[in-house]
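Subject: Structure handover

Hi,

Here is the structure I promised to pass on. Have a look, and my notes on what turned up in it follow below.

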Amino acid sequence: MSHKILIVDDAAFMRMMIKDILTKNGFEVVGEAADGAQAVEKYKETTPDLVTMDITMPEMDGITALKEIKKINPNAKIIMCSAMGQQAMVIDAIQAGAKDFIVKPFQADRVIEAISKTLG
C-alpha cells in the first residue's frame, strides 16, 4: 500500500515539483494546500500518513499549522520545507514536533530519504 502524503506550499511550482518526485517513487499525493489554514483543513479531510510543510506562507505559517495539526493528531508526521537561511525557524519547527526538514531547492533523493526515514 502506498503512503498518503499531503503537500503544503504557497508556490504551485514547488507543490508540483514535490508531487512529481513523490508519485515517481510510488507515494500517493492525497491533497495539496497553499497555506497553513488550508493545510489544517486538508489534514482533517485526507488523514495523510505524512505532510510536507513549507515554513513561510501567507495566512498561517508552517510552524503554526504544524502545531494545529499536532493538536488534531499528536502522532502526525510532518517534514518541514525551508529555504536556505531559515535555520532558526527549522529549529522552532523541530521543537514543535516536525520529524525532519528538507531544504529548497529540492533534491529528489533527499526528499525520498527524509520521507522514507520518517515513515520508517
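Predicted model: local features only at pLDDT ≥ 70, side-chain atom pairs only at ≥ 80, totals over all residues.

T46 belongs to helix 2, which covers residues 36–46. With a relative accessibility of 15%, T46 falls under the 20% limit and so counts as buried. Apart from neighbours within four places in sequence, T46 is in contact with K4 and V30.

Five strands make up an open sheet with parallel pairing, in the order 2-1-3-4-5. The edges are taken by strand 2 (28–33) and strand 5 (100–103); each has a single partner strand, so one side of each has no neighbour in the sheet. On average, neighbouring strands here are turned by 20° against each other, ignoring direction. Inside the sheet, strand 3 (residues 50–54) pairs with strand 4 (residues 78–82) in the parallel sense over four bridges, and T52 stands opposite I79 in strand 4.

Two helices lie across these strands. Helix 1 (residues 12–24) lies across strand 1 (4–8), strand 2, strand 3 and strand 4, and runs at about 170° to strand 2. Helix 5 (residues 108–119) lies across strand 1, strand 3, strand 4 and strand 5, at about 175° to strand 5.

Now the charges. Searching the whole structure gives ten salt bridges. One of them joins the side chains of K104 and D9, at 3.1 Å from N to O. K104 sits in the loop between strand 5 and helix 5, and D9 in the loop between strand 1 and helix 1, so this pair ties together parts 95 residues apart in sequence. K104 is buried at 15% relative accessible area, and D9 is buried too, at 0%.

There are also pairs within helices:

- K24 and D20 meet in a salt bridge at 3.1 Å, N to O. They are four residues apart in helix 1, which means about one helical turn between them. K24 is exposed at 65%, while D20 is partly exposed at 37%.
- K71 forms a salt bridge with E68, with the closest N and O atoms 3.0 Å apart. They are three residues apart in helix 3 (residues 62–72), again about one helical turn. K71 is exposed at 62%, whereas E68 is partly exposed at 28%.

Cheers

How values were computed. Residues numbered from 1 in each chain as written. Heavy atoms only, no water. Buried < 20%, exposed > 50% of the residue type's maximum accessible area, 1.4 Å probe, protein only. Contact = heavy atoms within 4.5 Å. Pairing = 2+ DSSP bridges. Axes fitted to C-alpha atoms, helices over the stretch in contact; angles between N-to-C directions. Salt bridge = Lys/Arg side-chain N within 4 Å of Asp/Glu carboxyl O.
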